[in-house]
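The sequence and the model are shown first.

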Protein chains: 2
Amino acid sequence: MIGKLGGWDDTIVALATAPGIGAIAVIRVSGKKAIPIINNMFPSKDLPQQASHTLHVGLLKYKEEPLDEVVISLYKNPRSYTGEDVIEISCHGSPFIQEKIIRAITESGARLAKPGEFTQRAFLNGKLDLAQAEAVADLIASNTEASRNAALKNIRGGFSTSLQHLREQLIRFSALIELELDFAQEDVEFADRKQLYDLVHALQHNTQQLLQSFALGNVIKNGVQVAIVGKPNAGKSTLLNTLLNENRAIVSDIAGTTRDTIEEVLNIGGVLFRLIDTAGIREHTADIIESIGVEKSYEKMRQADVVLYLFDVQETQVNELKLIEEELKKNAVEYLLVGNKADTNEEAIRQKFALFNNLHFISAKNNLHVDTLKQKLLAISINGDINTEATVVTNARHYEALQKLAGSLEDVLHGLDEHVTGDFLALDIRQSLHYLGLITGEITNEDQLDFIFSKFCIGK
Amino acid sequence: MIGKLGGWDDTIVALATAPGIGAIAVIRVSGKKAIPIINNMFPSKDLPQQASHTLHVGLLKYKEEPLDEVVISLYKNPRSYTGEDVIEISCHGSPFIQEKIIRAITESGARLAKPGEFTQRAFLNGKLDLAQAEAVADLIASNTEASRNAALKNIRGGFSTSLQHLREQLIRFSALIELELDFAQEDVEFADRKQLYDLVHALQHNTQQLLQSFALGNVIKNGVQVAIVGKPNAGKSTLLNTLLNENRAIVSDIAGTTRDTIEEVLNIGGVLFRLIDTAGIREHTADIIESIGVEKSYEKMRQADVVLYLFDVQETQVNELKLIEEELKKNAVEYLLVGNKADTNEEAIRQKFALFNNLHFISAKNNLHVDTLKQKLLAISINGDINTEATVVTNARHYEALQKLAGSLEDVLHGLDEHVTGDFLALDIRQSLHYLGLITGEITNEDQLDFIFSKFCIGK
């Protein structure tokens, strides 16, 4: 495979830290010429003579022009991220200086790295398998505990390990069946059909579990869209504030990002909940249920993964709520009826709305039962707890390959039922192995790799 | 001084790279507890046992929760930027992860660093003098060759060295005169008044040179404002394009910054020229000379450091140009008359406008003599070449201190002329030493330092 891909024999350079002004910036260089190129620009020390994993302070120069006072991090192959010689230059964080240094390095014989090219090289050099490499991009994009944990677990090989396990068993059977083909005249069965049946059945069960985990994986990676709807004065705005007021992320302070006024984000148990059309709620303008039957309100609810219908327990009649629940049931999304202003006469209120199951009482104003509402929201969204030990599929490409794997395992089972000959069985098993290989990168082509890594950021 | 300032015995942490998403981000920790805090979060190795200036790859954990796969850069005191124990954590560039790590470190006993606090500690630990520390901020903000070079030179001690030289000589005389005071009864003169006079005179000359360099320093640091004015169809827009079309900075590509549509920036010989009201020129709407006499046009020209008056050599009459030059002379800014469309009948055109000195002929369309126009623009702005060897004052605080120094040296000279007694002379010399000390940081107070470093970015 390495031979086929080619072109990665050259030396690449890119800014590895976020663009813009910072105290420092890091420029990453990887490839055969990384050390000679930088050594030529760094008169203070002879870098080839230095040990791997060491730091060197000095002046970086290019053609006698001083560029910056820098710190060089030296990683010698194969003990580096890419598996090649890698140098990281920690320079002053002026974009002008970043540019000057990168330009000097490209003029010295390196070229600008493509997005994800460092990680692609790590994969090609066997430092990571493909599922691990893809988790690197997920980790950089992670914005909650759960997405960070899932990505970190996959970088450390969690997902790959469970696939590897399936794969090894299949390969064993595949080998046995291929062996039978060599003795086709003698009508032997090295591979016990009963054992194979049990294995493939077990594999299919595992594959189905992984496929099912994608719903959770998707929630972990992309969050849950929640629409808070209800009549004016039901308390939508108050509920929103109560939900948001605790534990505001300090990410925005650090990152200097501005909070999106259209979409508010809530982190419950490590899962991001994105509140749809929050601006509308804040302004008391967009009221959805008031215009029930109007296409637009359905549209908004269909956008959501969960609809949270808020009503005033005093003002709302039971029949009215029944009608609303019927409307909500017509949509294919999860919903929760939330009775607000329920901080007096709790028993009477419970009796009034006794015929509803999917109901939760709160007082948004007094922050009563809002915490348990959050837990219900989480439970509805992920169908139970997040099991941090289980392997979760978060990547759509993996999901697609797993679906195809499930299909080809079905073919194997069908073949066994029909007592097809060994050569047909071998074909179906090879097909299953192919889909498994797509995920971990044993089977890839250059276009596929380029596509996968093009979604990375530059410098990674 | 160190004792007075206090409070820097604690351990500080900050994001050192630009905020936002990057392949990696660097978090810097400095102080007595830097190594124990991070060691506690880094199970892979025992950091206190590791050598300074080494790199360590491993999992960062906080209370059993895995945070990220990171690289630790270890710098042991005093061999670090701040002079304290310093750890830099290179983590995946997700703002969420950056925040989690910083929060874990603050919960472990560090506090968030104030802007410039790392550099302030470097100063307090004697790693840099104040002028060098200030050059660090200039270096991060640098956006041209010249500003980068001036800052780099000052970080390496260029400015400090020349001040140090002045200071040492003054201190020697001060000591001699103070010695005289001890023998006041005996009427001796240890300090040769003639030598002192010569020294102070020389010092004053040097100080004046440094003061004069501030005009250049200011140009280097802040650029030159240029207004291109002229009638419609004089070719302003074409000239602008010709000026800008070469060597567009690739900084904007790397930094992801958007080009300001109001102000175009041109780099000539390492100096930034900022073209005022470029948007107006592009749109052919704002024409300044057409409305000569209108306050607004004067206002724009007064904003500029240089006015470039563009006229059509065919269409423009000599008398008209005379009137315009008179108007331009009334403004206290530099100006250059630029005859455009001068690519035919050059000799005739020269004769036609022979009575003007401050004149340059070009063809903007055919890129004729535009290069020499750039050189003239540079020469007008900086009164000659940039001497890269000379020390240039770029900092307004230093300029102010140098002005006060010049005043107090004047007092010393005056005192010598008037044959004042040694105690008065000593007083004036001490005053001069005080102003010199303000620049290099021998004399500072906490408020002053806080103010100086508050202009730094966080993490530096």
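The lining of the largest cavity comprises ten nonpolar, four polar and two charged residues; here Ala, Val, Leu, Ile, Met, Phe, Trp, Tyr, Cys and Pro count as nonpolar, Asp, Glu, Lys and Arg as charged, and the others, Gly among them, as polar. The model is predicted, so local features need pLDDT of at least 70 and side-chain atom pairs count only at pLDDT 80 or more, whereas totals for chains, interfaces and linings use all residues. Residues are numbered from 1 along each chain as its sequence is written, chains are lettered from A and ligands numbered from 1 in the order in which they are written, and side-chain values use heavy atoms, with hydrogens and water left out.

The largest cavity holds about 120 Å³ of space. A cavity is a set of points, on a 1 Å grid over the protein atoms alone, where a 1.4 Å probe fits but cannot get out, and lining residues have an atom within 4 Å of a point. Grid points are joined across faces, edges and corners, and the volume is the space filled by probe spheres set on the points. There are 16 lining residues, and the closest to the cavity centre are V26(A), S73(A), V26(B), S73(B) and E88(B). Two or more residues each come from β2 (24-30), β4 (65-75) and β5 (86-92) of chain A and from β2 (24-30), β4 (65-75) and β5 (86-92) of chain B. Helices (H or I, at least four residues) and strands (E, at least two) are DSSP runs, numbered from the N terminus. Across the whole structure, the search finds six cavities of 30 Å³ or more.

Axes are lines fitted to C-alpha atoms, for helices over the stretch in contact, and angles run from 0 to 180 degrees between N-to-C directions.

| Helix pair | Angle | Distance between axes |
|---|---|---|
| α5(B) (130-141) and α17(B) (422-440) | about 40 degrees | 5 Å |
| α5(A) (130-141) and α18(A) (446-454) | about 25 degrees | 10 Å |

Angles under 35 degrees count as roughly parallel, over 145 as roughly antiparallel, 65 to 115 as roughly perpendicular and the rest as oblique. α5(B) is therefore oblique to α17(B), and α5(A) and α18(A) are roughly parallel to each other. In chain B, L130(B), A131(B) and E134(B) of α5(B) meet L438(B), I439(B) and T440(B) of α17(B), where contact means heavy atoms within 4.5 Å. In chain A, L130(A), A133(A) and E134(A) of α5(A) touch L449(A), I452(A) and F453(A) of α18(A); this contact has five nonpolar, no polar and one charged residues.

Most residues other than glycine have a negative phi, and most peptide bonds are trans. The bond from N77(A) to P78(A) is cis, with omega near 0 degrees, and P78(A) lies in the loop between β4 and β5 of chain A. The bond from N77(B) to P78(B) is likewise cis, with omega near 5 degrees. N367(A) has a positive phi, near 55 degrees, and is placed in the loop between β12 (359-361) and α15 (370-382) of chain A.

Notes:
On a 1 Å grid over the protein atoms alone, a cavity is a set of points where a 1.4 Å probe fits but cannot get out, and a pocket is an open set with protein on both sides within 12 Å along at least five of seven lines; lining residues have an atom within 4 Å of a point.
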